[in-house]
Amino acid sequence: MTREGEGRLLCVSVDIDSVAHYVALYGEDVDDRAARALTAQTYSDGVRRFLELFEELGVAGTFFAVGRDLEVPAAAGVLRDAAGAGHEIANHTWSHPYDLIHRSPEGIQEEIVRGHEIIADVAAAPRGFRAPGYNTSDAVLESLRDLGYRYDASPLPSWPYLAVKYAVMAGVRLRGGRSASIVGNPRMGIGRIDPWVDRGLLRIPCTVTRWTRLPVIGTSLVALPSRLRAHLVRDAAGRAVISLELHAVDLMDVAGDRLPSILARQADLAIPWQTKRARLAAAIRGMCEAREAVPLAAAADRLQGCNPA
């Protein structure tokens with residue numbers, strides 16, 4: 001779906017976080033064999049369904065892949081198909097460590113470089129990055145700059161998102177568990193909402209509403225009441241650039257896909273994936289009005305005129 005709109009762009013991206021990562025967020029461990037099986041399922045179900053949806057809509061998107069997951073042959077095969085269909089493949093680190101920003105500069109560089117190398121072997125050398133949990137630091141940005149990356153699509157400047165995240169983490173702790181997530185930098189919730197240049201990198205935030213900063217992301221567009229979902233689409237439509245962030249599990253559900261039962265705590269995973277698909281299709285069609293849908297790397301090339309920070 002590529003409608004010219006005088007420079008108005010829609011960038012649809014999918015973070016391929018394995019179902020195993022979500023289980024860890026709720027404080028449960030997953031052994032290696034189970035993790036590999038859940039990774040294969042994430043690609044064969046979630047990612048495949050997005051490829052079919054994007055083909056139906058005529059959208060070229062961006063898939064953020066976790067490097068270690070590509071050691072699973074089924075996952076690597078699906079990602080090759082995505083690249084062959086014209087979608088961009090970008091870097092989501094090697095192992096999806098939520099504590100990336102707390103690691104040493106060498107540890108940060110290793111996560112980014114290892115992810116970069118395996119993605120380059122499976123598809124093409126990535127030009128963009130999104131951090132696990134949306135958290136970045138000076139060391140992360142410097143590693144990306146040293147690799148010659150064009151953009152970073154990590155920021156999610158939404159204080160309502162952070163409030164929900166911290167509540168979930170507190171709930172896990174009260175149950176005696178320990179979430180894999182981290183507090184991160186609370187200032188992210190009030191950060192810039194439009195693209196800007198920082199140290200030669202184009203920073204492209206995930207889209208939020210202008211005043212309330214509600215996240216315009218897959219979870220919101222499938223789980224919120226219909227009137228609020230429509231509000232998110234209308235608000236996003238007023239922006240020159242929409243960066244719509246989705247996750248592979250946005251087209252999966254606990255019952256239909258027989259996911260680990262602990263994930264029933266997550267409201268969006270209780271909704272049948274077919275229902276979520278219909279809601280996402282309607283939202284993307286609405287956002288495509290009078291604008292062009294392009295991968296994030298193509299948008300970064302178009303937005304070179306941003307003023308440096």
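Strands and helices here are DSSP runs, numbered from the N terminus: at least two residues of type E for a strand, at least four of type H or I for a helix. This is a predicted model, in which local features need pLDDT of at least 70, side-chain atom pairs count only at pLDDT 80 or more, and totals for chains, interfaces and linings use all residues. Residues are numbered from 1 along each chain as its sequence is written, and side-chain values use heavy atoms, leaving out hydrogens and water.

As for confidence, pLDDT is the predictor's own score for each residue, from 0 to 100. The protein averages 89, with 87% of its residues at 70 or more. Residues 1-5 fall below 50, and in the model that stretch has 20 contacts beyond near neighbours in sequence; a contact means heavy atoms within 4.5 Å.

Strands count as paired if DSSP finds at least two bridges between them.

| Partner of β1 | Sense | Bridges |
|---|---|---|
| β8 (residues 241-247) | parallel | seven bridges |
| β2 (residues 62-65) | parallel | three bridges |
| β9 (residues 292-293) | parallel | two bridges |

Along these pairings, S13 sits opposite E245 in β8, while L9 faces E292 in β9. Seven of the seven β1 residues are buried, so the strand is largely enclosed by the rest of the structure. Buried means under 20% relative accessible area, exposed over 50%, and partly exposed in between, using a 1.4 Å probe and protein chains only. In a regular strand, side chains alternate between the two faces of the sheet. Here L9, C11, S13 and D15 point one way, and L10, V12 and V14 the other.

Now for helix α10, residues 273-287. From first C-alpha to last, its 15 residues reach 21 Å, close to the 21 Å expected at 1.5 Å a residue, where the expected span is 1.5 Å times one less than the number of residues. Its buried residues include W273, L280 and M287. Seen down the axis, the buried residues of α10 fall within an arc of 170°, so they line one face of the helix; the arc is taken from the directions between the helix axis and the C-beta atoms. Their cover includes β1, α2 (32-57) and β8.

Finally, the largest nonpolar core has 45 residues, with F63 and L244 having the most contacts inside it. Such a core is a set of buried Ala, Val, Leu, Ile, Met, Phe, Trp, Tyr and Cys residues joined through side-chain atoms within 4.5 Å. Helix α2 gives the largest share, eight residues.
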